[in-house]
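Please keep the sequence and the coordinates in view while reading the numbered points.

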Amino acid sequence: MDKVTKAADSSQVTAATNPVETGTISRDGTTVIATVNYKVAHDKLTDATKNTLQEAAQQGRDGVGWPDECVRDPAATGSSTARNRLLAWCPGGGNIAGMPDLPAAHGHPVVDIHAHYFPSALRPPTRVADDPRWPFLAIDEGGGAGRIMRGTEVFRRVKPALWDMQARLAELDAAGVGMQVISPVPVTLSMWAEGKDAAEFLRRQNDLFAEAVSASGGRLRGLGAVPLQDVDAAITEMLRVKQELRLDGVEIGTRIGDLELDAPVLRPFFAAAQEAGVPLFVHPTDVEHAVRRAEPMYSFGVGMLTDTALAATALVFGGVLEEFPELRVALAHGCGAFPWTYPRTAYGDALLRGGPDPERTAQLNRLVGSLWADALVFDPEHLRLVAERVGADHLMLGTDHPFLTAPLETALTTVTGAAEQNVLSESETARVLGRNALEFLGL
Ligand SMILES: [Zn+2]
C-alpha cells in the first residue's frame, strides 16, 4: 500500500481524474481508490500526471495486461496494480484494459469472474494420448455445436461460445458484460494424471488461454491451471502463468487427488501464491465424493455445493487462511453450502476445543470474511447470507457462461434482483457487478 500512496498523491489523482466525466474517486484509509472508467483521452492529462502514472506503471507492471492497442506505446500507458486501485488510460480515447465501452446497459462496469473456455486446439499429450480420460473438444460439422469428449464417451454437449471467440463476444455484447474472466473447464484439471503429463497438458492449455485473452481486444482476462499433483511443478507453472503469460490467477479444484486443501503438502503452493500475489479460484471438481447420489439433479444441485463447502471448510478451519492471511481465494457458486454450514461447524469446532472462545470466534469470522465468492446462487435473497459471510466487497458476478442453458443476461438477474430487493445497496451492487472482480484479480 505504501507504493500506492507514493505513486499518486491526492492532487495528482485529482489531476488525473478531473478531465474524466466517468471517473470516480474515493478514499479508504490511506489508500487512494480511483477508478477511471473508460475513454480517458491522453492529451487531457497533465505532464505531471502522465509522469506519475508512468512511474506507477513501471513499479506495478506485474499482473497487468493491456489490450494490444494500449501496450504498443508504453510511454502513453499508465497503470498501478496495487489492490483497491486502478488508474489507467489509453491514448486517443481508446478503451482502457477491462473496461470496454459496453456496460452502460447496467449503469456499471460489468465483469464476470466465473466463465469457462475450452481451446479447440487442446489435445492430450502425445505419449499418453491413448488414455481415454483426457478431455478434448469435438466440434460438429458447421461449428454449430460441440462435445467435450473423453475417449469415445461424450462428457458434455457444449455451445460454440465455449471455444469460438466471436460467438462468445456476441453473447457478452448482448448481455452487457464488459469483461469476462475465463477459467479452464474443470474436467481439464486432470488431477488423476501423472504429474509430468498433467503439467504438459496444462502448459499447453495455459498457452492457448493466453492467446485467447490476447485476441479478445481487452474483453477477456484469464485464469490458468496448474498440476497440483506435483506441487513444485504447480508453483513453477503458476509463476509462468502470471509472469510470462500475463494471466491473472489460477483455478484449482476442491481436492487434489485424495488430498484436501488443508493438506500440509499443499502449503508451499499457497505460500507461493501469496508471495506472488496470484489469486486462486476454487471450482467444484470432486462432486461424486461429496454426495451419495450421482443423478444429475443431485450432482448439480447438492453435490457441487457440498463439494465447495468441504473445500471452504478446509481453508477456514484447516489453517490455510490463518497461515496465509494475504492469500486471495474465491470459491465458485457463492462458496457452495458453506455460508449455511459455517455456524454449525464453528459450534463443533468450539465443542472440540473445550467450549466457546470469543477470540477463536472472532478469528474464524475474520478468516471467513477473507474469502471471496461469486454470486451464482440463483436467488437474490440467497445472496444476503453470502454477503453477510464474506462481505459485499468480496462478492463478484459469476455466470458459468457458456454452460447454463439460459441466455447469459439472465445470469446477471440474481445480482440486479438483489439490488431491487434491497439485499444489496446501490453502491454494493456496482461493486458486485464489476469492481470487486478487478480488486480480486489485483487490477
Ligand atoms: Zn463453472
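1. In helix H6 (residues 195-214), Gly195, Ala199, Leu202, Arg203 and Asn206 meet Ala233, Glu237 and Val241 of helix H7; two residues are in contact if their C-beta atoms, placed from the backbone, lie within 7 Å. Sorted by class, this contact holds 4 nonpolar, 2 polar and 2 charged residues. Here Ala, Val, Leu, Ile, Met, Phe, Trp, Tyr, Cys and Pro count as nonpolar, Asp, Glu, Lys and Arg as charged, and the others, Gly among them, as polar. Helices (H or I, at least four residues) and strands (E, at least two) are DSSP runs, numbered from the N terminus.

2. The packing angle between H6 and H7 (residues 231-243) is about 10 degrees, and their axes are 11 Å apart. Axes are lines fitted to C-alpha atoms, for helices over the stretch in contact, and angles run from 0 to 180 degrees between N-to-C directions. H6 and H7 are therefore roughly parallel to each other; angles under 35 degrees count as roughly parallel, over 145 as roughly antiparallel, 65 to 115 as roughly perpendicular and the rest as oblique.

3. On the basis of the work: this is a predicted model, in which local features need pLDDT of at least 70 and side-chain atom pairs count only at pLDDT 80 or more, while totals for chains, interfaces and linings use all residues. Residues are numbered from 1 along each chain as its sequence is written.

4. H15 (413-420) and helix H16 (residues 426-441) pack at an angle of about 170 degrees, with 9 Å between their axes. That angle makes H15 roughly antiparallel to H16. The residues that meet are Val415, Ala418 and Ala419 from H15 and Glu426, Thr429, Val432 and Leu433 from H16. By class, 5 are nonpolar, 1 is polar and 1 is charged.

5. Overall, the protein has 16 helices and 15 strands. Of its 443 residues, 51% are buried. A residue is buried if 20 or more other C-beta atoms lie within 10 Å of its own, exposed if 12 or fewer, and partly exposed in between, with C-beta atoms placed from the backbone. Among contacts with a separation of 6 or more, 70% link residues 24 or more positions apart.

6. Strand E7 (residues 179-184) has 6 of its 6 residues buried, so it is largely enclosed by the rest of the structure. E3 and E7 run parallel and are joined by 5 bridges, with Asp112 opposite Gln180 in E7. E7 also pairs in the parallel sense with strand E8 (residues 220-225), over 3 bridges; there Gln180 stands opposite Leu220.

7. Further along the sheet, 2 bridges join E13 (residues 329-331) to E14, and the two run parallel. Trp372 in E14 is the bridge partner of Ala330. An antiparallel pair is formed by strand E4 (residues 135-139) and strand E5 (residues 146-150), through 5 bridges. Leu137 has Ile148 in E5 as its bridge partner. The hairpin of E4 and E5 has 6 residues between the strands, and Gly142 takes a positive phi near 95 degrees there.

8. Which residues of the largest nonpolar core touch the most other members? Of its 105 residues, they are Ala330, Leu331, Met396 and Leu397. A nonpolar core is a set of buried Ala, Val, Leu, Ile, Met, Phe, Trp, Tyr and Cys residues joined through C-beta atoms within 7 Å. Helix H9 (residues 296-317) gives the largest share of this core, 9 residues. Neighbours within four places in sequence aside, Leu331 is in contact with Val282, Thr308, Ala311, Ala312, Gly336, Leu371 and Ala373.

9. Cys335, in helix H11 (residues 332-335), has a positive phi of about 70 degrees although it is not a glycine; with 33 C-beta neighbours inside 10 Å, Cys335 is buried. Phe378, in the loop between E14 (372-374) and helix H14 (380-390), also has a positive phi, near 70 degrees, but with 15 such neighbours Phe378 is partly exposed. Finally, His401 and Pro402 are joined by a cis peptide bond, with omega about 0 degrees.

Key: Two strands pair if DSSP finds at least two bridges between them.
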